[in-house]
Amino acid sequence: MPEDLVKLTIDGVPVGVPKGTLVIEAAKQAGVLVPHYCYHPGLPVAGVCRMYLVEIEKAPKLQIACATQVAEGMVVRTQTAEAKSARMGVLELLLINHPLDCPICDQSGECELQDFTFQEGRPATRYSPEYPKRFNPVEDFGPDVLYVPNRCILCTRCVRFMEDVAREPVLNVSERGDRAYIGVHPEARLDHPWAGNVVDLCPVGSLLSKDFLHKARAWELDKTASICSGCSQGCNVTLDTRDNVVVRIRPRPNLEVNQYFICDHGRMNYRWMNRGDRIEAPLVKRRGGGAELHVVDWDEALDRAAMVLRGARGRAVALVSPKASTEALFLARELLAPFEWTGAFQVVMGEEAPLAAVPNLALRAERAPNGTGAELLGYIRNYAAALEAAESAAVVLVLDEPETTVKTPGALLYLGTMLSDAARAADVVLPIANVAEEDGTFVNRDGRVQRYFQAKPPPGMARPAWWVLAELLAVLGRGEPVASASDAFDRLAQSVAPFAGLSYAALEMTGKQVAARPAPAAAEVTA
Amino acid sequence: MGYPHKPHPRETVVLSRYFGDPEAKTYKGWAKRGGYEAWQQAQTMAPAAITDVVKESGLRGRGGAGFPTGLKWSFMPKDKKKPHYLCVNADESEPGTFKDREIMRWTPHALLEGTAIAMRAIQAEVAYIYVRGEFTEPYAIMERALAEANAARAFGDLKIYLHRGAGAYICGEETALMNSIEGKRGNPRIKPPFPAAFGVFGMPTTINNVETLAAVPHIMKQGAAWYKAMALSNPKSTGTKLFSVCGHVQEPGNYEVTMGFPLKDLLYDLCGGMQPGRTLKACIPGGSSVPILNREESERCLLDYEGCVEQGTMLGSGGVIVFDDTADMVYQIMRLARFYAHESCAQCTQCREGTAWTTKIIERILAGQGKTSDLDLLLDLSENMTGKTICVLSDSCAAPVVSGIKKFRHEFEDYITGRKRTVLVA
């Protein structure tokens, strides 16, 4: 262990942690999860749930692991009879006024009160069933948050989030003693753009998302690591799917990007992933067949696309979505490289909404996840110029921009998820997967390349855009097909300097920096 | 004590000398009685020298914890880098305690003078006197006294503010008091950091009780040795202490006696004993938060910090609550528990839920629906509520319950077995 670390033992496991580390965090490094409710690494310490009582050698009484800093040579024991009995006592007290309505509670299955009670709670209550339990009616806190006070254990995570992180203190603890509950300012609503985080922070089923209310049970959900596609911040998220339907987005911790939070815009940005009106098969216009698109298999579609490309000479234009994966953007560029090509993308703009206490975290005005990736690959923001260039181009490739109407004398290849009227003008339509249906990477506004994973299968014959483009390149005799997004990324890493030396393995779960961070106040330039 | 009855010959009248003397409330009247001489003297002394005198006198905090005052002052940073604050705890809310109220009512200048001396000792430029919200009369008197003293420029550049509480018992806890002064909800803070490092507004702060500070001018004027000599039993408990006696005695009121005075004499001699035909059953010597003593223990108990500990209780704030043989201990303990359940700030789980549950159990016992297992449950619950929370409110609820069950178990059992008739719990 390096010398500058504080060395201590937790349940017999020696660990070395930086000075100032809290015992509860040091314990995680020793593989010990100290039960806790009010403590959250993203919030200021409150020390109120008293669940994390542990024994520290030489201390006169049990200490709270969430507020005690490590000291050299400290000996921490979490499993002594005294500590366990204290925690069992807290659990019993937390449950006496709890309605135990797990069967109808959304949190059930991912509830810390359930988990720790199973782990070390009392098998039966001593609270006489004749005593009434505390009752308060459900309250509507804001656009997406319901408060069920009966389940509340008053850990105050929500209060501290609004006060210290969002810095819009609309929640408080009202009343005293066992009458206490979470109160909302009488003239305010819990409608801060980041307010939805209180639902994730709530360790029990007291703060609920209206959007997710009674939608699924926790144990029915599959969880997939992903990147939010709502803006250029690149927040790490988890897509929760049930039977291949995305039902919820929750934040995934990444201290470099979003800490433990996501904004409500990103949280609600999933319904389109489940849309049913998708292109499910390749479509082509037959020679002499007029404007009608015919369903074909992939071989025929790729051959037809290859034929178009082989026959074209001169200028090519790519109109790409900034929501496309870096791999797809790279392979699209590769495809058009033999031509005199122009690539452009356009970004929808919205209001910026920062999370006050977290530096460099905001819902960004630029509502697309991969603008930086597109720029690194040579795509420009001047969409109008590209549209103009299309008017004299031999080939136009549209990558998932269904609303773009292209006027071109040349051939039109369309890779997309939706068959819009504009897309019906294409000579070849190739169905692709959306962000929930493929593996890939985005480069966020700070130049951090981060992976997202496939959460559900694409519909019908749709395939990831990187697969489609790599197959097309292979048909043209320019490279092997790729078997995975990882292969596609390797190809990108080999030929694009900022990505040199990187691989999916090297990116790990939290990503790597490929470009310098922009200056904080840099104005966004758009076409 | 001089009000409402003349001091008893066995009292040692220091703090209460001018109780009942309306002239002592005024600035001029106080000065005529030798007031502000100690402050004049302190102004010529170095801060450390003042602290040393108080240390030497053996003065200990009169708010309940009995922490040596001079030592507390010496925790303040010596080389001052930030503003220092003094908070005066006049939020006297402990059931059975009413000594600070009388100090403020009759000798407001004694408190102001002690405050100024303490401010000099800890190098504070601002002091807040946090007065219990319900103390309307003492507040008005303090306000007048402060205005007079300020008009006479008695404190120079030192600023003393009065701050009224809003009715929460917990705001008498020092860190909750600081939160309350800051305008926040009166929730106790976790320690460390301690107030001497991070107190009110995050600055080094000392918090002292009214009675503690009122004693300081006397110590300055008459010397540490004089104060230290006042000890009837243990030399670690020095000076005089006001005891607020209430309950079943003939003459309840405030009595000032030297530390180490026998509780028995206080009750039977100074307070005139029980009503005719009644006998002493129990006594809480230090305000409602300390363990209850039975008759034998009460009669053995010497009133100083160590003497009380010897009998298994604490001197606390000196609020003596007396029960004679007509008292229903189960009912009394329920009333205490209910008080704590009402006043819990709701932060810590053990306190928020435990105090309320304790109350419910005792209420049911009183209603004739108790079970024998309830007593063990109460003891176990109290164990869970002791020493595990941010402040000691939950310990305070547990103390009378545990000692009550231990010493008056038969009274609980009488209700549980039906030997005693149910009382209506209002």
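How far apart do the C-alpha centres of domain 1 and domain 3 of chain A lie? They lie 49 Å apart. Please keep in mind that this is a predicted model.

I will start with chain A. The domain assignment gives this chain domain 1 at residues 6–79, domain 2 at 130–274 and domain 3 at 283–513. The C-alpha trace of chain A spans about 85 × 55 × 40 Å along its principal axes. Its secondary structure comes to 13 helices and 25 strands. Chain A has 527 residues, and 50% of them count as buried. If we take the contacts in chain A with a separation of 6 or more, 63% of them are between residues 24 or more positions apart.

One helix of chain A I want to show in detail is α7, residues 298–311. This helix has 14 residues, and from its first C-alpha to its last it reaches 20 Å, close to the 20 Å expected at 1.5 Å a residue. Which residues of α7(A) are buried? They are A:Ala301, A:Leu302, A:Arg304, A:Ala305 and A:Leu309. As background, an α-helix has 3.6 residues a turn, so residues three or four places apart point the same way.

The face of α7(A) turned away from that buried side carries the exposed residues A:Asp299, A:Arg310 and A:Gly311.

Now to the nonpolar core. The largest one has 295 residues. Those with the most contacts inside this core are A:Ala332, A:Leu469, B:Cys87 and B:Leu266. The helix that gives the most to the core is α17 of chain B, residues 393–417, with 11 residues. To look at one position, A:Ala332 touches A:Ala318, A:Val320, A:Leu397, A:Leu399 and A:Leu469, leaving out residues up to four places away in sequence.

Next is chain B. Here the domain assignment gives domain 1 (22–227), domain 2 (240–324) and domain 3 (329–417). The C-alpha centres of domain 1 and domain 2 of chain B lie 27 Å apart. Their contact takes 13 residues from domain 1 of chain B and 18 residues from domain 2 of chain B. On the domain 1 side, the residues divide into two nonpolar, five polar and six charged.

How many residues of chain B are in contact with chain A? There are 25, and they meet 24 residues of chain A. Three helices of chain B, α14 (329–343), α15 (349–366) and α16 (373–384), each supply at least two residues of the side that touches chain A. The largest share of that side, nine residues, comes from α15(B). By class, the side of chain B that touches chain A has nine nonpolar, 10 polar and six charged residues.

I will finish with α15(B). Is this helix largely enclosed or left open by the rest of the structure? Of its 18 residues, 17 are buried, so α15(B) is largely enclosed by the rest of the structure. At 1.5 Å a residue those 18 residues should span 26 Å, and the end C-alpha atoms are 26 Å apart, which agrees. The helix is followed by B:Gly368, whose phi is positive, near 80 degrees.

How values were computed:
Residues are numbered from 1 along each chain as its sequence is written. Chains are lettered from A and ligands numbered from 1 in the order in which they are written. This is a predicted model: local features need pLDDT of at least 70, side-chain atom pairs count only at pLDDT 80 or more; totals for chains, interfaces and linings use all residues. Helices (H or I, at least four residues) and strands (E, at least two) are DSSP runs, numbered from the N terminus. The expected span of a helix is 1.5 Å times one less than its number of residues. A residue is buried if 20 or more other C-beta atoms lie within 10 Å of its own, exposed if 12 or fewer, and partly exposed in between; C-beta atoms are placed from the backbone. Domain bounds come from an automatic or database domain assignment. Two residues are in contact if their C-beta atoms, placed from the backbone, lie within 7 Å. Ala, Val, Leu, Ile, Met, Phe, Trp, Tyr, Cys and Pro count as nonpolar, Asp, Glu, Lys and Arg as charged, and the others, Gly among them, as polar. A nonpolar core is a set of buried Ala, Val, Leu, Ile, Met, Phe, Trp, Tyr and Cys residues joined through C-beta atoms within 7 Å.
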